[in-house]
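Subject: Structure handover

Hello,

Here is the structure I said I would pass on. My notes on what was found in it follow below.

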Amino acid sequence: MPSPDRAVISSSANPAIAFVRSLSRRDTRAAERAFVVEGMRAVRDGLEAGVPPRLVLLRQDERAELLLHELGLPPDDLVLRRVEPRLFDRLSEVQAPQGVLAVFPWPEVAIPETRTPLVLVLDRLRDPGNLGTLLRSAAGAGVSAVYLTPESVDPWNPKVVR
């Protein structure tokens with residue numbers, strides 16, 4: 001029998017669930033210097049980048065073991081917690097949750113030194129979807145740094161991260 005802290009989470013009062021919910025607020029993301037990544041591809045990208053997650057939540061259903069295998073996490077990983085399906089679905093910000101989400105620390109990003117830097121400055125950009133699109137376009141164009149003014153949308157907003 002799993003220890004009580006490793007059992008399938010079924011209560012919305014569980015500290016792991018409360019922590020993930022708290023990260024929906026910009027001020028909490030800033031205080032914790034952490035953000036939520038949802039979906040198989042995004043979580044796997046974070047893991048493959050070598051960034052250790054603070055927490056991984058897995059929807060406990062018939063696909064759980066397959067997802068675990070695809071992520072390459074051992075079933076006894078200390079940051080991994082399994083969540084009852086109904087509760088996991090309420091945490092998700094998407095219509096059809098893929099069954100996995102993770103909390104990653106904010107990366108420490110150094111600006112690469114180049115002789116001809118290409119930077120993008122965004123002033124008072126409000127829409128998270130637009131920021132996500134601009135970040136993908138900037139990456140494709142070889143932009144070496146993106147700067148956001150304080151009045152801009154939070155770059156760790158879940159819609160931007162997706």
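**Arg29 and its surroundings**

Leaving aside neighbours within four places in sequence, Arg29 is in contact (heavy atoms within 4.5 Å) with Leu23, Ser24, Ala34, Phe35, Trp106, Asp154, Trp156, Asn157 and Pro158. This is a predicted model, in which local features need pLDDT of at least 70 and side-chain atom pairs count only at pLDDT 80 or more, while totals for chains, interfaces and linings use all residues. Residues are numbered from 1 along each chain as its sequence is written, and side-chain values use heavy atoms, with hydrogens and water left out.

Arg29 sits in helix α2; helices (H or I, at least four residues) and strands (E, at least two) are DSSP runs, numbered from the N terminus. Arg29 counts as buried because its relative accessibility is 3%. The cut-offs are under 20% relative accessible area for buried, over 50% for exposed, and partly exposed in between, with a 1.4 Å probe and protein chains only. The side chain of Arg29 reaches the backbone oxygen of Ser24 at 3.1 Å. A polar contact is a pair of N or O atoms within 3.5 Å; within protein, one must be able to donate a hydrogen and the other to accept it, and residues adjacent in sequence count only if both atoms are side-chain atoms.

**Aromatic rings**

Two of the residues that Arg29 contacts, Trp106 and Trp156, come up again here. A search of the whole structure finds two aromatic pairs. Trp106 and Trp156 count as stacked because their ring centres are 6.0 Å apart and their planes are at 25°. The pair joins distant parts of the chain, with Trp106 in the loop between β4 and β5 and Trp156 in the loop between β6 and α7, 50 residues apart. For the terms: rings of Phe, Tyr and Trp (its six-membered ring) pair if their centres lie within 6.5 Å, and planes under 30 degrees apart count as stacked, over 60 as edge-to-face and the rest as tilted. Trp106 is buried, at a relative accessible area of 19%. Ring pairs link Phe35, Trp106 and Trp156 into a cluster.

The largest pocket holds about 1600 Å³ of space. Its lining has 45 residues, and Pro107, Val109, Leu135, Pro155 and Trp156 lie nearest the centre. Elements giving two or more residues to this lining are α2, β1, α3 (40–48), β4 (100–105), α6, β6 (145–148) and α7 (158–161). The largest share, five residues, comes from α6. By class, the lining of the largest pocket has 28 nonpolar, seven polar and 10 charged residues. Here Ala, Val, Leu, Ile, Met, Phe, Trp, Tyr, Cys and Pro count as nonpolar, Asp, Glu, Lys and Arg as charged, and the others, Gly among them, as polar.

The second largest pocket has about 170 Å³ of space. It is lined by 14 residues, with Val20, Val36, Leu91, Glu93 and Pro158 nearest its centre. The largest share of that lining, three residues, comes from β1. Eight of its lining residues are nonpolar, one is polar and five are charged.

On the method: the search uses a 1 Å grid over the protein atoms alone, and a pocket is an open set of points where a 1.4 Å probe fits, with protein on both sides within 12 Å along at least five of seven lines; lining residues have an atom within 4 Å of a point. Grid points are joined across faces, edges and corners, and a volume is the space filled by probe spheres set on the points.

**Glu38**

Glu38 lies in strand β1 and is buried, with a relative accessible area of 15%. Its side chain makes a polar contact with the side chain of Ser92 at 2.3 Å. A polar atom of the Glu38 side chain also lies 3.2 Å from the backbone nitrogen of Glu93.

**Two arginines with positive phi**

Most residues other than glycine have a negative phi. Arg33, in the loop between α2 (26–32) and β1 (34–38), has a positive phi, near 50°. Arg33 is partly exposed, with a relative accessible area of 38%. Arg124 has a positive phi near 55° and is placed in the loop between β5 (119–122) and α6 (128–141). Arg124 is partly exposed, with a relative accessible area of 49%.

Regards
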